[in-house]
Amino acid sequence: MKTFTQKINESVGYIEPTVKNLILDKLYNAYREEIAAWYYYISVSEFLCGPSRKDIEEFYEDAAKDEFEDHAKWILERIAQLGGNPSFVTVFSALSSIAHPYVNPIVVDGNIMIQSSLEDCKQMEMGAIETYKDLEEITRNVDPVTNRKVKAILADEEEHLQEIEDFLCDVGIHGSCGCGCCDCGDTDARDCELKCPSDSCDVPNIPDMHDIEF
Ligand SMILES: [Fe+2]
Ligand SMILES: [Fe+2]
């Protein structure tokens, strides 16, 4: 139940200064994370290699549009409306300080393997969901404008995560351990990005791509 003062404050768009500063801090971070996500999706999409490449490339391009044209631009606008400090969004080095650090894609022979990239994206989207859940909680009942948009962005991030998990499931039906569930033809695990998903398989799985030194 909102108090009378809360209702009046909401109707005039007033946000208590310390709360506003907290919201701004979270928005600076969200903005940087959106730019990092856009940067990942847009630059990786051209170098993907593996099953369902075309579909995944298309998804990366669409996700890049969501992250930049919708999410990042709106957050920037809101930061300006709330009287934020431009230094926190215009200084390029600020991009390196985000709550959920940017994951460098693994490049193998000039390509970025689909499974390892999808795992990077999964991590990135899970981080975004955490960021927006946090923002939703902080803005609830104190900043309805930000809260409304944050809920919409959160829904987009959850959709991105769902699509990534579906793609991971699609590519995960094969494996590279040699048990016969892989159809890529590669006998060397390093040449194949896929891990056998079957628990019943008695051939050891290859290590996670992130643990391999090339
Ligand atoms: Fe986003
Ligand atoms: Fe996303």
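Predicted model: local features only at pLDDT ≥ 70, side-chain atom pairs only at ≥ 80, totals over all residues.
**Helix pair**

Two packed helices are described by the angle between their axes and the distance between the axes. Helix H5 spans residues 114-139, and helix H6 spans residues 144-171. Their axes come within 9 Å and cross at roughly 160°. That angle is over 145°, so H5 is roughly antiparallel to H6. The crossing of H5 past H6 is left-handed. Residues in the contact of H5 with H6 are 16 nonpolar, 5 polar and 8 charged.

**Sheet**

An open sheet is built from 3 strands. Their order is S1-S3-S2, and the pairing is mixed. S1 and S2 are edge strands, each with a single partner strand, so one side of each has no neighbour in the sheet. S2 and S3 run antiparallel and are joined by 2 bridges. Val108 has Asn111 in S3 as its bridge partner.

| Strand | Residues |
|---|---|
| S1 | 48-49 |
| S2 | 107-108 |
| S3 | 111-113 |

**His100**

His100 sits in the loop between helix H4 (87-90) and S2. His100 and Thr131 are 31 residues apart along the chain, yet 8.5 Å separates their C-alpha atoms.

Notes: Residues numbered from 1 in each chain as written. Chains lettered and ligands numbered in written order. Axes fitted to C-alpha atoms, helices over the stretch in contact; angles between N-to-C directions. Helix = DSSP H or I, 4+ residues; strand = E, 2+ residues; numbered from the N terminus. Parallel < 35°, antiparallel > 145°, perpendicular 65-115°, else oblique. Left-handed = near helix turned anticlockwise from the far one by under 90°. Nonpolar A, V, L, I, M, F, W, Y, C, P; charged D, E, K, R; others polar. Pairing = 2+ DSSP bridges.
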